[in-house]
Amino acid sequence: LEMLHVAWPVHRIWEGVVSRWAPEDIWLRVWRHGDHVFQVPMDAIERWAFDCLRAGDDFGTLCDGIASMVDPDHVAAMAGGIVLRWVEDGLLTRLIID
């Protein structure tokens, strides 16, 4: 699993949606599942959450950071949605409790 900052929308090549090719500031989440490589653009909130994941932060820290970026009423849904997406994509596969 890697987070890549690219100057062109290279992920669109795999989507088959390249009607116009122009520079674009994009952050991609790139991972491998079996023999398949996937890439998905990430917004600022998911990038921040990904940095929390890599730092080993807990879910509370993730929610606190998201609270500074979205309406407080949407924090739990946003954080839960990101974690659920990561589980569905196979990025989070087990829970380790100390």
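1. Helix 3 and helix 4 pack with their axes 9 Å apart, at an angle of about 125°. Axes here are lines fitted to C-alpha atoms, for helices over the stretch in contact, and angles run from 0 to 180 degrees between N-to-C directions. Helix 3 covers residues 59–67, and helix 4 covers residues 75–88. Helices (H or I, at least four residues) and strands (E, at least two) are DSSP runs, numbered from the N terminus.

2. A word on the source. This is a predicted model, in which local features need pLDDT of at least 70, side-chain atom pairs count only at pLDDT 80 or more, and totals for chains, interfaces and linings use all residues. Residues are numbered from 1 along each chain as its sequence is written, and side-chain values use heavy atoms, with hydrogens and water left out.

3. Overall layout. The protein has four helices and three strands. From the N terminus on, the order is β-α-β-β-α-α-α. The C-alpha trace spans about 45 × 35 × 20 Å along its principal axes.

4. Back to helix 3 and helix 4. Their angle makes them oblique to each other. Angles under 35 degrees count as roughly parallel, over 145 as roughly antiparallel, 65 to 115 as roughly perpendicular and the rest as oblique.

5. Which residues in helix 3 meet helix 4? Phe59, Leu62, Cys63, Ile66 and Ala67 do, against Val75, Met78, Ala79, Gly80, Ile82 and Val83 in helix 4. Contact means heavy atoms within 4.5 Å. The residues of this contact divide into ten nonpolar, one polar and no charged. Ala, Val, Leu, Ile, Met, Phe, Trp, Tyr, Cys and Pro count as nonpolar, Asp, Glu, Lys and Arg as charged, and the others, Gly among them, as polar.

6. Helix 2 (residues 44–55) also packs on helix 4: the axes come within 11 Å and cross at roughly 70°. The two helices are therefore roughly perpendicular to each other. Their crossing is right-handed. Ile45, Glu46, Ala49, Phe50 and Leu53 in helix 2 face Met78, Ile82, Arg85 and Trp86 in helix 4 as contacts. Seven of the residues in this contact are nonpolar, none polar and two charged.

7. Helix 2 and helix 3 complete the set described here. Their axes come within 10 Å and cross at roughly 150°. That makes helix 2 roughly antiparallel to helix 3. This crossing, too, is right-handed. Ile45, Trp48, Ala49 and Cys52 in helix 2 touch Thr61, Leu62, Gly65 and Ile66 in helix 3.

8. The largest pocket has a volume of about 390 Å³. Its lining holds 16 residues, with Leu53, Asp57, Val83, Leu92 and Leu95 nearest the centre. Helix 2, helix 3 and helix 4 are the elements that give two or more residues to the lining. Helix 2 gives the most, with three residues. By class, the lining has eleven nonpolar, two polar and three charged residues. On a 1 Å grid over the protein atoms alone, a pocket is an open set of points where a 1.4 Å probe fits, with protein on both sides within 12 Å along at least five of seven lines; lining residues have an atom within 4 Å of a point. Grid points are joined across faces, edges and corners, and a volume is the space filled by probe spheres set on the points.

Conventions: Left-handed = near helix turned anticlockwise from the far one by under 90°.
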